[in-house]
Amino acid sequence: RSLVGSEMCIRDRVSTQSTGNQKANINNMHYSAPLFILFLFSQVWADCPNPTTAKVDPVRYQGVWYEIATTPLSRDFIERDCYCTHANYSIIDTQDINVLNRCNLGSVTGQRDEIQGKARIPDLSQPGKLEVTFGGPYAPYWIINLDEDYQWAVIYSCESVLGVRIEFAWVLARNNTIDDTLYNKLLSYLNSETGYDTTYVTKTAQLGCDYRNRKVSISAQ
């Protein structure tokens, strides 16, 4: 679910708009948002925290993860009009991972939108500190909490741009729902490790989803 650097990954409606050598006339993920968006939606004027990341086995981490919840920048821009958001991670080599993000547009039974990205592990001694790109600059994808059986995970991303803290967070799970007790526990952990105000976190619609809907979008280059 997505993650970018100082140029935010913003969902944008495009109509027959050129994207490199391809064209799209559908909702597509656009990767060159104006800098003022960063200031408008940022909440904290400070450097980013440095939370401890989980010990991650990339081979076990690969596969499908459902987005249980996310934060406003992701929900309102990157994933605008998205329901049933989920990602599939697959190993390329020891440091690189293929990322395929998908959602249904407009409703849980809406047409499927997807975007292709890539993650990398810059330091193999810290496999929980990944970086992700969907065509723009790489951005942090830090796995700060992970179930020992790889059934749920908490992801945090933060970059400081001109003194402004730009933050994203995700709660992911192998199933499309988790119980409220676990959910609240994971939010508490996110807050304690990063200081992020979890009252801004909202759940992602997953009930009643058609995960097999046909694809209508074009992958990022």
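Author: One term before we start: two strands pair if DSSP finds at least two bridges between them. The model is predicted.

Reader: Ok. In β12, what is the bridge partner of E67?

Author: The partner of E67 there is L172.

Reader: What sits between β11 and β12?

Author: A turn: the two strands form a hairpin with 2 residues between them. In that turn, L162 has a positive phi of about 55 degrees.

Reader: Why is β12 described as largely enclosed?

Author: Because 10 of the 10 residues in β12, residues 164–173, are buried, the rest of the structure largely encloses the strand. Buried here means under 20% relative accessible area.

Reader: Which residues point which way?

Author: V164, I166, F168, W170 and L172 point one way from β12. R165, E167, A169, V171 and A173 point the other way, and both sets are buried.

Reader: Switching to aromatics. How many aromatic pairs?

Author: The count is 5 aromatic pairs. Ring pairs link Y61, W65, Y89 and Y141 into a cluster.

Reader: Which charged ends sit over rings?

Author: Among them, R120 has its charged end over the ring of Y138, 3.5 Å from the ring centre. The charged end of K129 sits over the ring of W142, at 4.4 Å from its centre.

Technical notes: Residues numbered from 1 in each chain as written. Predicted model: local features only at pLDDT ≥ 70, side-chain atom pairs only at ≥ 80, totals over all residues. Heavy atoms only, no water. Buried < 20%, exposed > 50% of the residue type's maximum accessible area, 1.4 Å probe, protein only. Helix = DSSP H or I, 4+ residues; strand = E, 2+ residues; numbered from the N terminus. Phe/Tyr/Trp six-rings, centres within 6.5 Å; stacked < 30°, edge-to-face > 60°. Lys NZ or Arg CZ within 6 Å of the ring centre and 35° of its normal.
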